Amino acid sequence: MSKLNAALLDKAVTDILGYSGGETVTIGGKEVDGKKRNFTETIEAQITLKNYDPVRDKRFSGTFKLPSVPRPNLKCCMLGNAAHCEQADRIGVDHMSVEDLKKLNKNKKLVKKLAKRYDFFVASDNMIKQIPRLLGPGLTKAGKFPTLLASGDDMQGKIDEIKATIKFQMKKVMCLNVAVGNVTMDHKQVVVNTQLAANFLASLLKKQWQNIGQIYIKSTMGPPIQIYF
């Protein structure tokens, strides 16, 4: 059960969407002039934990697929066999074959550059085992080891699924950031994504909502708005 105040979340999302559309909104009792940007702003949830010891308590990690894609502009590269490369070409997705990967010659700088160029990678089942041998540990170090695409999988469906998936991973800090939407989405889509993301994080924690201190949501260039105290 979500412990987020529905009215508070509703107003926060209205204000974020209004601000990003250039409207004047009232945040924390003050009037703030919005500004429309020439790019699609991401809406992010910023969560602070409490009563949690990152050293002693068990680290947690989990992924969750949101109903609406928060960041549709994420760039994907298909590391594929001939059939998958052909399919990627048809749907306008960048792709690389075994031969292309061999040309990088395990050069750390080139692999790093490749990892930087894309937000995530997908690889054919018969290629995924060869990746460490062809590229070394570069993609793993960047946290971008490819997701498996089996021969019968729908490529576009798999890519959309990855774009809609968020990940919570506890490291040594008590703050977590996760994308829950963007300013082109409907109000309801942002609200539902935010509620589901918060509920999922609570389910990963030992004391659930008692481990969550504060939650703010904000657009890329907008002010943060608190939705959980």
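## Salt bridges along the helices

A salt bridge is a side-chain nitrogen of Lys or Arg within 4 Å of a carboxyl oxygen of Asp or Glu. This is a predicted model, and a search of the whole structure finds four such bridges. Arg-90 and Glu-86 form one of them, with their closest N and O atoms 3.7 Å apart. The two residues sit four places apart in helix α2, so about one helical turn separates them. Both Arg-90 and Glu-86 are exposed.

Lys-102 pairs with Glu-99 in another salt bridge. Here the closest N and O atoms are 3.8 Å apart, which falls within the 4 Å cut-off. Both residues belong to helix α3, residues 98–103. They are three residues apart, so again about one helical turn lies between them. Lys-102 is partly exposed at 46% relative accessibility. Glu-99 is partly exposed too, at 48%.

Lys-11 has a relative accessible area of 43%, so it is partly exposed.

## A buried lysine without a bridge

Lys-163 belongs to helix α8, which covers residues 155–164. This lysine is buried, yet it has no salt bridge. How far away is the nearest side chain of opposite charge? That side chain is Asp-160, at 5.0 Å.

What does Lys-163 touch instead? Leaving aside neighbours within four places in sequence, its contacts are Val-69, Pro-70, Arg-71, Pro-72, Leu-74 and Phe-120.

## The largest nonpolar core

The largest nonpolar core holds 38 residues. Leu-49, Phe-60, Phe-168, Leu-201, Ile-212 and Ile-215 touch the most other members. The elements giving two or more residues are α1 (6–20), β1 (24–27), β3 (42–49), β9 (165–169), β10 (175–182), α9 (187–204), β11 (212–219) and β12 (225–228). Helix α9 gives the most, with seven residues.

Phe-60 shows how parts of the chain meet. Not counting residues up to four places away in sequence, Phe-60 touches Leu-49, Tyr-52, Phe-168, Gln-169, Met-170, Leu-176, Leu-201, Leu-204 and Leu-205. A second, separate core has 18 residues, including Cys-77, Met-96, Val-111 and Ile-131.

Ala-82 is 14 residues from Met-96 in sequence. In space, the two are 9.5 Å apart, C-alpha to C-alpha.

Ala-82 is found in helix α2, residues 82–90. Is Ala-82 buried or exposed? Its relative accessible area is 65%, so Ala-82 counts as exposed.

## Aromatic pairs

A pair of aromatic rings is described by the distance of the centres and the angle of the planes. A search of the whole structure finds five aromatic pairs. In one, the rings of Phe-168 and Phe-200 have centres 6.3 Å apart and planes at 35°, so the pair is tilted. Phe-168 lies in strand β9 and Phe-200 in helix α9, so the pair ties together parts that are 32 residues apart in sequence. Phe-168 is buried, at 1% relative accessibility. Phe-200 is buried as well, at 15%.

Trp-209 and Tyr-228 form another tilted pair. The distance is 5.2 Å centre to centre, with 55° between the planes. Trp-209 sits in the loop between α9 and β11, while Tyr-228 sits in strand β12. The two are 19 residues apart, and the pair links distant parts of the chain.

## A ring cluster

Which residues do ring pairs link into a cluster? They are Phe-64, Phe-168 and Phe-200. Phe-168 also belongs to the largest nonpolar core, and Phe-60 is in contact with it.

How values were computed:
Residues are numbered from 1 along each chain as its sequence is written. This is a predicted model: local features need pLDDT of at least 70, side-chain atom pairs count only at pLDDT 80 or more; totals for chains, interfaces and linings use all residues. Side-chain values use heavy atoms; hydrogens and water are left out. A nonpolar core is a set of buried Ala, Val, Leu, Ile, Met, Phe, Trp, Tyr and Cys residues joined through side-chain atoms within 4.5 Å. Buried means under 20% relative accessible area, exposed over 50%, partly exposed in between (1.4 Å probe, protein chains only). Contact means heavy atoms within 4.5 Å. Lys and Arg count as positive and Asp and Glu as negative; His and the chain ends are not counted. Rings of Phe, Tyr and Trp (its six-membered ring) pair if their centres lie within 6.5 Å; planes under 30 degrees apart count as stacked, over 60 as edge-to-face and the rest as tilted.
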